[in-house]
Amino acid sequence: MDAFKTRRDFFGWARGLVAVGGLAAGGVEAAPATSGREPEGEDYYDKLGVTKIINAAGTYTFLTAAVMPPPVRAAVLAAARHPVRLEELQRKAGEYLAEKLHCEAALVSAGAASALTLGTAACMALANPGATHAMPTEMEGMKNEVIVQKAHRYEYDHALRNCGITFVQVETMDDYEKAFTSKTVMTHFFNAAQHGEIGREDWIRVAHAHGVPCFNDAAADVPPISNLWNYTKMGFDLVTFSGGKGIRGPQNAGLLLGRKDLIELAAKNNNPNGDTVGRGMKVAKEQIVGMVAAVDWFLSQTDAGMEAEFRRTADRIAAHVKGIPTLESSIAISPVANHVPHLLLKYDQQRVKISPREVAKTLREGNPPIELNPYTGRNGDQDLPSDENTIVVGVWMLQPGEDVIVGRRLKEVLTKAASA
Ligand SMILES: *Cc1c(COP(=O)(O)O)cnc(C)c1O
């Protein structure tokens, strides 16, 4: 027999021995066939030839967002071992989450975009009996207007439009107050938007004066941890968070939080109910459990602890590139979405003769491949103080030890360019 290739192989083997020993001594009940020694599983990334990357970017969807922490992965694996009744799992997961997150009700969706569709479907169903089976096309005479600030229009609009709604766009408070009609079903707020004239509390107050529910998309807006209840407590009737971003659950999971009647309607418009907009938005038992486990994991963290960890990681990477001519490092925290420390490395391209975008390309094509934050080499808008002379390292998704690799690679590439 070959020597054990990894520590994990050894411990897996050792656990097997303990189980056998226990049975032989007669002191332990026979374990179910599926427990105990779980095979590690083949590495299908390797088998498929899929490149494993180092994520020095952040929780970006196109980079598969977060990696689940070990206890969450373990919960997912455990859930995979047993069939359950889906409706019971959905309901009890929702009740558990609602209690932990201090809101009336909760639903695990297939991501924040799914939650946007299901929440909109709920508001449509509330305003229009029969809407559930009619959306998005057979809606003659139905109410279907959603009010939104012009500055809050974004790429996720389509998730709402899937329900056959039309947007009514406003800019000023005056516009807003006049925008409500007998066809209004919902108002929508993009939590991380930086430019809208109307703030959260005013937005809610006016909508509620008209008896209309308000949805807040806060998909990428933890930490702080307390945001998981801040917006429902503020009065938003529905709030969504991505499961696979800051909370670090499965990428195809998300949270829809809010009013009990609306969450119940969202569930009615969700898988496994056929003839609904949500039928294709299935969340498997593994991901429902993973989402709940990720919330438990996230609630066991502290904002200060996470921030300190990300700052230490950023400092360690900065230490590698200290002494590169003209280079200045700093740490910046985005104001709302991705509200965590990012490392910014700014230098003079006259002296260090490579552009930040070329650095990103070199690292992307190197071995191991490293993905830097997409704000590298460009203006960070209102999010980060980056520009064409800045490398941006998103540190929070780095796995233990990867900061050293990122630091060394940056040093190599920048040193070479400085002596060119
Ligand atoms: C990421 C994101 C979404 C979509 O989240 P998924 O969980 O990937 O579906 C929606 N809204 C905003 C603002 C986001 O940042």
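Modeller: Helices here are DSSP runs of H or I with at least four residues, strands are runs of E with at least two, and both are numbered from the N terminus. The model is a predicted one, in which local features need pLDDT of at least 70 and side-chain atom pairs count only at pLDDT 80 or more, while totals for chains, interfaces and linings use all residues. Residues are numbered from 1 along each chain as its sequence is written, and side-chain values use heavy atoms, with hydrogens and water left out.

The loop between helix H11 (260-268) and H12 contains Pro 272, which is joined to Asn 271 by a cis peptide bond with omega of about 5 degrees. Helix H12 (residues 285-299) packs with helix H4 (residues 86-100) at an angle of about 15 degrees, the axes being 10 Å apart; axes are lines fitted to C-alpha atoms over the stretch in contact, and angles run from 0 to 180 degrees between N-to-C directions. H4 and H12 are therefore roughly parallel, a label for angles under 35 degrees, with over 145 counting as roughly antiparallel, 65 to 115 as roughly perpendicular and the rest as oblique. Their crossing is left-handed, meaning that the near helix is turned anticlockwise from the far one by less than a right angle, whereas clockwise would be right-handed.

In the loop between helix H13 (303-320) and strand S9 (328-333) lies Thr 326, whose phi, near 65 degrees, is positive although the residue is not glycine.

H13 also packs with helix H15 (residues 402-418), at about 30 degrees and with axes 8 Å apart, so H13 is roughly parallel to H15, and this crossing is right-handed. Helix H14 (residues 356-365) meets H15 at about 125 degrees, with axes 11 Å apart, which makes H14 oblique to H15, and the crossing of H14 and H15 is right-handed.

An oxygen atom of the ligand is 2.8 Å from a polar backbone atom of Ala 112. On the side-chain side, a ligand oxygen lies 2.4 Å from an N or O atom of Ser 242, and a ligand oxygen is 2.7 Å from an N or O atom of Lys 245. The protein covers 86% of the 380 Å² of accessible area that the ligand has on its own, an area found by the Shrake-Rupley method with a 1.4 Å probe.

Note on methods: Polar contact = N/O pair within 3.5 Å; in protein donor to acceptor, adjacent residues only side chain to side chain.
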